[in-house]
Amino acid sequence: MHITAEKIKEAAEALESTELKSFMFQEPTAGPLTRRRRSSRSTGRSRRSTRGTRRSTRRSTRGTRRSTRRSTRGTRRSTRRSTRGTRRSTRRSRRSTRRSRRSTRRSRRSTRRSTRRSRRSTRRSRRSTRRSRRSRRSTRRSRRSRRSTRRSRRSTRRS
């Protein structure tokens with residue numbers, strides 16, 4: 001129900017027709033007004049007009065109540081949706097950060113493993129080269145010792 005200018009005018013006219021106007025313009029010192037007996041027709045009309053104004057005010061208040069309920073429902077729903085959306089977005093961002101962390105951890109682990117393996121391989125290769133050098137040295141030493149022993153034997157034979 002929309003309150004229009006016409007309805008306001010009707011309500012004002014209905015108020016004017018009632019005894020309220022006479023009460024408003026009454027002197028404060030004066031005693032109670034003597035009731036004027038009016039014809040039954042005029043009193044019926046005033047009662048009807050007051051009923052109409054009461055009904056219109058009831059309808060307008062109902063309409064305003066309904067509209068306020070609808071607006072509050074709409075705001076509640078919109079706030080719920082917005083909070084749900086924000087919750088979902090925060091969850092997604094958390095998941096993405098977790099995944100990125102996991103991926104970085106995995107990459108770090110793999111790099112560590114690869115560096116360890118490369119270190120091991122370099123160590124092994126170094127060891128093998130050392131061993132080969134040692135073995136060469138030992139073979140050289142043994143050859144030298146053999147030669148020296150041969151020489152010594154020859155020298156002893158000659159003498």
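Accessible areas here come from the Shrake-Rupley method with a 1.4 Å probe, and for residues only the protein chains shown count as cover. On that basis the chain exposes about 16300 Å², of which carbon and sulfur atoms supply 44%.

What you see is a predicted model, in which local features need pLDDT of at least 70 and side-chain atom pairs count only at pLDDT 80 or more, while totals for chains, interfaces and linings use all residues. Residues are numbered from 1 along each chain as its sequence is written, and side-chain values use heavy atoms, with hydrogens and water left out.

Let me turn to the fold. The chain holds three helices and zero strands, helices being DSSP runs of H or I with at least four residues and strands runs of E with at least two, numbered from the N terminus. The mean pLDDT, the predictor's confidence in each residue from 0 to 100, is 80 for the chain, and 79% of the residues reach 70 or more.

How much of the chain is buried? Taking buried as under 20% relative accessible area, exposed as over 50% and partly exposed as in between, buried residues make up 3% of the 159 residues.

Finally, the start of the chain. H2 lies in the segment before α1 and is exposed, at a relative accessible area of 68%. Although H2 and R59 are 57 residues apart in sequence, their C-alpha atoms are 9.3 Å apart in space. Further along, E16 sits in helix α1 (residues 5-17).

Methods
Buried means under 20% relative accessible area, exposed over 50%, partly exposed in between (1.4 Å probe, protein chains only).
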